[in-house]
Amino acid sequence: MAGLGDRKWWALVAVTLAVLAVGLDGTILSVALPTLSRSLRASESDLQWFSSGYLLVLAAGMLPAGAVGDRFGRRATMLAALALFGLGSVGCAYSRTPGEFIAARVVLGVAGAGVIVMALSSITVLFTKQERPKAVGIWAAANFVALPIGPILGGWLLTHYWWGWVFLINVPVALIGLIATATLIPESRAATTPALDPLGMTSSVGGLAALTYGLILAGEFGWSTASVLSWIGAGLVVLIGFGVWEYRLGADRALVDMSLFRNASFTWGVVLAAVGVLAMIGVLFTLPQYFQAVVGTDAMGSGVRLLPVVGGLIVGALPADQICRRIGAKATVAIGFAVLASGLAIGARTTADSGTAFLATWTALTGAGLGLSMATAASSALCELSAEQGGVGSAVMQALQKTGGPLGAAIMGSVLSSAYRHRLVLDGLPKPAAAQVEKSVFAGVSIAGRLRSPELLGSVRVSFAHGMDIALLASSVIALLGFVLALAFLPSVRPVRSRSMATE
C-alpha cells in the first residue's frame, strides 16, 4: 500500500502479536490441564474436549472467516475477532464448570479462526509482491514462537499466580491488536461483493469439522475403529461434494473461487506449506513427551528445550525471501525440505541418554529447514493473490494447515505407539499394570516408580525413545516427499525487485 511506509511493518508486528496470542493459548492449555482438572473437577473426557472443541471450531471456521472478511471488510472482521478473542479468554478464566469452559473454548476457536485468517490476508493488502516474502517470513516465525513460550510462560504463571491468569494474559494482547488494527491497517474488501453461499459455508464447516474430529479420534483410538473411519469418511465425502458444488457454482457466487487452483504457484505453495507442517508434527508431538517422560523435565523445562527449534526457524524464515530472489522458489523450498528431512533423520538416532548438544543441534536443523521451506511456499501462494482474493485465499491455506495438525498427530501417534509397545519388556508384570504401561509412557514411568522397578523404568524410557525415532523417520519421509513435490511441481519464480527496493 503506497503511502503507508514503515507503518505497515508496525501493523505486521501488531497482527503477528495477535497470532502469537492465539498460538500461546493452545500451548498454555496443555500445561494448565492438570490444574484445570482439579479446579473445575473435570473428567478425562472433559479435558479432551477442552482441546478438541477448540481445534474443531478453529479448523472449521477458516473458510467462512475468509469469506466474511472479503464481503464485509477485513479490518472490521479482524477487529470483531480480536474483541471476541478477548471476551472468550475472560470466559475461560472465570469458568466455574467444565461446560462453561468448553463453551468459552468454542468462542475462542471462532475468534482464533478470524484472527489467523485476517492476519495472513492483511499481508496481501499491506505489502507488495516484492515485500510479501519478507512479511511471510516474520509471520511464519511468529507462528512457532508460541511452541516453547507457551509452556514456559504457562508454567511460571501457574506456579506463582491464580490459574485464570494464563487466559487473562490474552486480554492486553487483544487490546494492543485492536488499537493497532484500527489505526494502522486500512479497510479492504473484495471489489465485487461476493455471495455468502450458505450451502458452501455449511458443507465446508461440516466437512472440516467431521474430518478433524475423525483425526482427533484416530490419534486416541487408532485407525481401525469404526467411528474413526466413519467420521473421516463422512468428512471427506462432504468436502468432495463442497468442491464439486463450488466448481459448478462459478467464481461470482462461490465461497471459494476454484480458479485459484489453476495457478500452480498458489496450489503447490498451499500444499507444500501444509506438507511442511505435517512433517514437523513428528517433532512437536514427540519431543515434549520425550523431555518430560524420558529426560524427566517439567513442562516449563520442556519449553526451554524447544527453544532451538524456534531459533532454527527464525534463522530459516527471515532470510528466505533473499534466498528466493537469488535461486528461485522451487530451489529454495526444495533445499528447505532437504534440510528438514536431514534434521529429522539425524533426530531418529536419539536415545534415552542423548545429550543436550545433540538434541539442540538436530532440532535447530529441523527448525531451519521448516522456516526456509514454509515461508517460501506460503509466500509463493500469497504472492499470486490479489487484494480482492486475500481473505478466502488465506483461509484455504490455513484450513489445510489446521487440518494437517490433527492428521500428523494421528499418524505419528499410531507409529510411535506401535513401536513403543513392540519394544517394551513386561515380563512378570500383572496384566492391568501392563495394559496401562502399554497405553502411555507417562503411565509407564508412574507404575515403574510405584513398583520401584529400575528395569521397568529403563524399558519404558528406551522403548519410548525407539518409538520416537520411528516417528521421526516417518516425518523425514514426509519431508522428502515435500522435496520431490517442490522440484516436480512448484514453479521457479524469482520475485522481481521493485525500483525502490533496488536502490535501498
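## Thr35 and its surroundings

Setting aside neighbours within four places in sequence, Thr35 is in contact with Leu158 and Trp163, where contact means heavy atoms within 4.5 Å. This is a predicted model, in which local features need pLDDT of at least 70, side-chain atom pairs count only at pLDDT 80 or more, and totals for chains, interfaces and linings use all residues. Residues are numbered from 1 along each chain as its sequence is written, and side-chain values use heavy atoms, with hydrogens and water left out.

Thr35 sits in helix α1 (residues 7-39); helices here are DSSP runs (H or I, at least four residues), numbered from the N terminus. With a relative accessibility of 18%, Thr35 counts as buried. The classes used are buried for under 20% relative accessible area, exposed for over 50%, and partly exposed in between, with a 1.4 Å probe and protein chains only.

## The nonpolar cores

Which residues touch the most other members of the largest nonpolar core? They are Leu36, Leu63, Phe101, Phe167 and Tyr290, in a core of 138 residues. Helix α11 gives the largest share of this core, 16 residues. A second, separate core has 10 residues, including Ile216, Leu217, Val228 and Ile232. A nonpolar core is a set of buried Ala, Val, Leu, Ile, Met, Phe, Trp, Tyr and Cys residues joined through side-chain atoms within 4.5 Å. In soluble globular proteins, nonpolar side chains tend to be buried together.

## Aromatic pairs

The whole structure holds 11 aromatic pairs. Rings of Phe, Tyr and Trp (its six-membered ring) pair if their centres lie within 6.5 Å; planes under 30 degrees apart count as stacked, over 60 as edge-to-face and the rest as tilted. One of the pairs is Trp163 with Phe167, an edge-to-face arrangement at 6.3 Å centre to centre and 85 degrees between the planes. Trp163 is buried at 11% relative accessible area, and Phe167 is buried at 0%. Both rings belong to a cluster that ring pairs build from Phe50, Tyr94, Phe101, Trp162, Trp163 and Phe167.

How far apart are the ring centres of Tyr213 and Trp231? They are 4.9 Å apart with planes at 90 degrees, so this pair is also edge-to-face. Because Tyr213 lies in helix α9 and Trp231 in helix α10, the pair ties together parts that are 18 residues apart in sequence. Tyr213 is buried, at 19% relative accessible area, while Trp231 is partly exposed, at 38%.

## Pocket and cavity

The second largest pocket holds about 730 Å³ of space. Its lining has 26 residues, and Leu208, Leu239, Val396, Ala399 and Leu400 lie nearest its centre. At least two lining residues come from each of α9 (198-221), α10 (226-249), α11 (264-295), α17 (390-423) and α20 (454-489). The lining comprises 22 nonpolar, 4 polar and no charged residues. In this classification, Ala, Val, Leu, Ile, Met, Phe, Trp, Tyr, Cys and Pro are nonpolar, Asp, Glu, Lys and Arg are charged, and the others, Gly among them, are polar.

There is 1 cavity of 30 Å³ or more, and the largest cavity has a volume of about 80 Å³. Of its 13 lining residues, Arg74, Arg75, Met118, Ser122 and Ile185 are the closest to its centre. Helices α4 (74-93) and α5 (98-126) each give two or more residues to the lining, and α5 has the largest share, 5 residues. By class, this lining has 7 nonpolar, 4 polar and 2 charged residues.

On a 1 Å grid over the protein atoms alone, a cavity is a set of points where a 1.4 Å probe fits but cannot get out, and a pocket is an open set with protein on both sides within 12 Å along at least five of seven lines; lining residues have an atom within 4 Å of a point. Grid points are joined across faces, edges and corners, and a volume is the space filled by probe spheres set on the points.

## Two partly exposed residues

Val57 has its place in helix α2 (residues 44-60) and is partly exposed at 21% relative accessibility. Leaving out residues up to four places away in sequence, Val57 touches Val106, Gly109 and Val110.

Leu175 belongs to helix α8 (residues 170-184) and is partly exposed at 46% relative accessibility. The C-alpha atoms of Leu175 and Ala83 are separated by 7.8 Å, with the two residues 92 residues apart along the chain.
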